[in-house]
Amino acid sequence: MMRTRPLKVALLGCGVVGSEVARIMTTHADDLTARIGAPVELAGVAVRRPDRVREGIDQALITTDATALVKRGDIDVVVEVIGGIEPARTLITTAFEHGASVVSANKALLAQDGAALHAVAEEHDKDLYYEAAVAGAIPLIRPLRESLAGDKINRVMGIVNGTTNFILDKMDSTGAGYQEALDEATALGYAEADPTADVEGFDAAAKAAILAGIAFHTRVRLDDVYREGMTEVTAADFASAKEMGCTIKLLAICERAEDGASATARVHPAMIPLSHPLASVRGAYNAVFVESDAAGQLMFYGPGAGGSPTASAVLGDLVAVCRNRVNGATGPGESAYAALPVSPMGDVVTRYHISLDVADKPGVLAQVATVFAEHGVSIDTVRQQGKDGEASLVVVTHRASDAALTGTVEALRKLDTVRGVASIMRVEGE
C-alpha cells in the first residue's frame, strides 16, 4: 500500500551537487514515489547566499538557518552536501537527535569522525549513508558492506581521484610535464584553483580511510592513512615505467596482512603493469579493484566526480533511506568488530623502482648491490647507462618492507660513487 504522507527531505548545500539533487527530486518525483512507496518532498534548502537565483527551486524553501531546518522535527531525511568538518558535523548530529536520518557526501568528515557519527546514528536508531563520499556515481560502499558482507575482503586498490588521474594520464599519453598537465586540467575544470587536496593525496586518503574501515570491519581514521602526493612525478618516471611495461597512477591501497592480524591503508604514486585493469583507466575516470576470498577479483569503474554522477549516488542513498523509513527499519550501520590494528607504512611490503645518479666507473654496481644485500633487500633487475663519467643506475627490487628500503636509500646516499637518488617509485599490481 502506498503511503500518502510525503517523506520530507532537508537539503544542506545547493552548489553543483545539491542543485542537481534538487533537480532530480523534482523531475523524477513520480518514479521516486513508486520506488520508495511514498512521495518525497523537498522541505527546505539551507544555503549561505540566499539571493542567488536557483533555477527550479522554490525561493520559499531557501533558508540560511541550517540549524533551525534540521531541528524542525518533521524532517525525515537530511542530505548534507556542504562538505568540510564544521558546521557539517554539528548539523548531522543535530539531525539525528531530532529524528532524521542522514545522507552525506562528506568524505573528509567521515574519514575523521565516522565512528562518532555512526554512534549517534545508532543511539537514535537512524541511518547514515554516504555512497557519494568515495567514488561519485560508482556503486562501491553498498557492495562492500552489503553484497560482499559474507566474504573476506583482502585488498582494495583503486584510482579514487579524477583530477590526479587526468594529470597522470596526460603525462603518460603526451609526454607532458606535471605543471603542463596540471594547467590543462585546470583550464578544463578538472582541477580546482588550489589543487592541493587532490595532487597531494588528501582527497584520496580520506576515501582510503572510509574504504579500509568498511572492507576490514575496523575503524580507520584519516591519520592512519599514509599519504604521498604526485607532484614529484616526472616525464622521466613515465619513460622508466614504459621500459618496464608499466604506467603510473596515484593509488589508494587498503590491504589486510597475509596473517589477517593487521591492515594498512596508503595513498601514493605507483607503477602498475599495463596488463592490470587499472592501467587502462583514462582521463578523469575512477576505478576500484577489489580482491576477496570467495568472489575473487572485482573492478568497479565510472565517473568519480561532477554534479550529476555524485547526485546519482546521493539519490541512490536517499531512496534506500526513505524505503527504510517507510518500513520502520534501518540499514547496516558501522561494522568495526574486527578492530584490526593499522600498521605503519614501514611495515608495508612491496616492490620498488629506484633510479640513481652514479659515477661511471668500475665497481659502482658492486657497491650498490652490497648496500642492498646488507639491508635485506633483494634485487630483481639492474640497468646501467653511462656517459662522460656519469651514469644512471636503475634498480628494481623484489618485495621488501618500506622500512628496509628507507634504510637502503639512506646508506646509498652516503656512498661517494652515488651522486644522488633521482627517483623512488613503488611497483604495485603484480
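1. Leaving aside its neighbours within four places in sequence, D113 is in contact (heavy atoms within 4.5 Å) with I85, R89 and R221. The residue lies in helix 5, where helices (H or I, at least four residues) and strands (E, at least two) are DSSP runs numbered from the N terminus. D113 counts as buried because its relative accessibility is 14%, given that buried means under 20% relative accessible area, exposed over 50% and partly exposed in between, with a 1.4 Å probe and protein chains only.

2. On provenance, this is a predicted model, in which local features need pLDDT of at least 70 and side-chain atom pairs count only at pLDDT 80 or more, whereas totals for chains, interfaces and linings use all residues. Residues are numbered from 1 along each chain as its sequence is written, and side-chain values use heavy atoms, with hydrogens and water left out.

3. Helix 4, residues 88-97, is mostly covered, with 7 of its 10 residues buried; these are A88, L91, I92, T93, T94, A95 and F96. The cover over these buried residues includes strand 1 (7-12), helix 3 (66-70), strand 4 (77-80), strand 5 (101-104), helix 5 (107-123) and strand 6 (128-129). Just after helix 4, G99 takes a positive phi of about 95 degrees.

4. The axes of helix 4 and helix 5 come within 10 Å and cross at roughly 15 degrees, where axes are lines fitted to C-alpha atoms, for helices over the stretch in contact, and angles run from 0 to 180 degrees between N-to-C directions. Helix 4 and helix 5 are therefore roughly parallel to each other, on a scale where angles under 35 degrees count as roughly parallel, over 145 as roughly antiparallel, 65 to 115 as roughly perpendicular and the rest as oblique. The contact is made by A88, R89, I92, T93 and F96 of helix 4 and by L109, Q112, D113, L117, V120 and A121 of helix 5. These residues divide into 7 nonpolar, 2 polar and 2 charged, with Ala, Val, Leu, Ile, Met, Phe, Trp, Tyr, Cys and Pro counted as nonpolar, Asp, Glu, Lys and Arg as charged, and the others, Gly among them, as polar.

5. Helix 5 also packs with helix 11, at an angle of about 50 degrees and with the axes 8 Å apart, which makes helix 5 oblique to helix 11. The contact brings together K107, A108, L110 and A111 of helix 5 and D203, A206, K207, A209 and I210 of helix 11. By class, the contact of helix 5 with helix 11 has 6 nonpolar, no polar and 3 charged residues.

6. Which residues touch the most other members of the largest nonpolar core? In this core of 77 residues they are V78, I167 and I210, a nonpolar core being a set of buried Ala, Val, Leu, Ile, Met, Phe, Trp, Tyr and Cys residues joined through side-chain atoms within 4.5 Å. The largest share of this core, 11 residues, comes from helix 11 (residues 202-216). Apart from this core lies another, of 34 residues, among them V21, V81, A311 and A320. Not counting residues up to four places away in sequence, V78 touches A10, L12, V70, A95, A100, S101, V102 and V103.

7. Helix 1 (residues 16-27) and helix 13 (residues 307-327) pack at an angle of about 55 degrees, with their axes 8 Å apart, and this makes helix 1 oblique to helix 13. In this pair, V16, V17, E20, V21, I24 and M25 of helix 1 meet G307, S308, T310, A311, V314, L315 and L318 of helix 13. The contact of helix 1 with helix 13 comprises 9 nonpolar, 3 polar and 1 charged residues.

8. E291 is found in strand 11 (residues 285-292) and is partly exposed, with a relative accessible area of 25%; leaving aside neighbours within four places in sequence, E291 is in contact with I153, N154, R155, G296 and Q297. R54 lies in the loop between strand 2 (40-46) and strand 3 (62-63) and is buried, with a relative accessible area of 12%. With neighbours within four places in sequence again left aside, R54 is in contact with C14, V47, R49 and I62.
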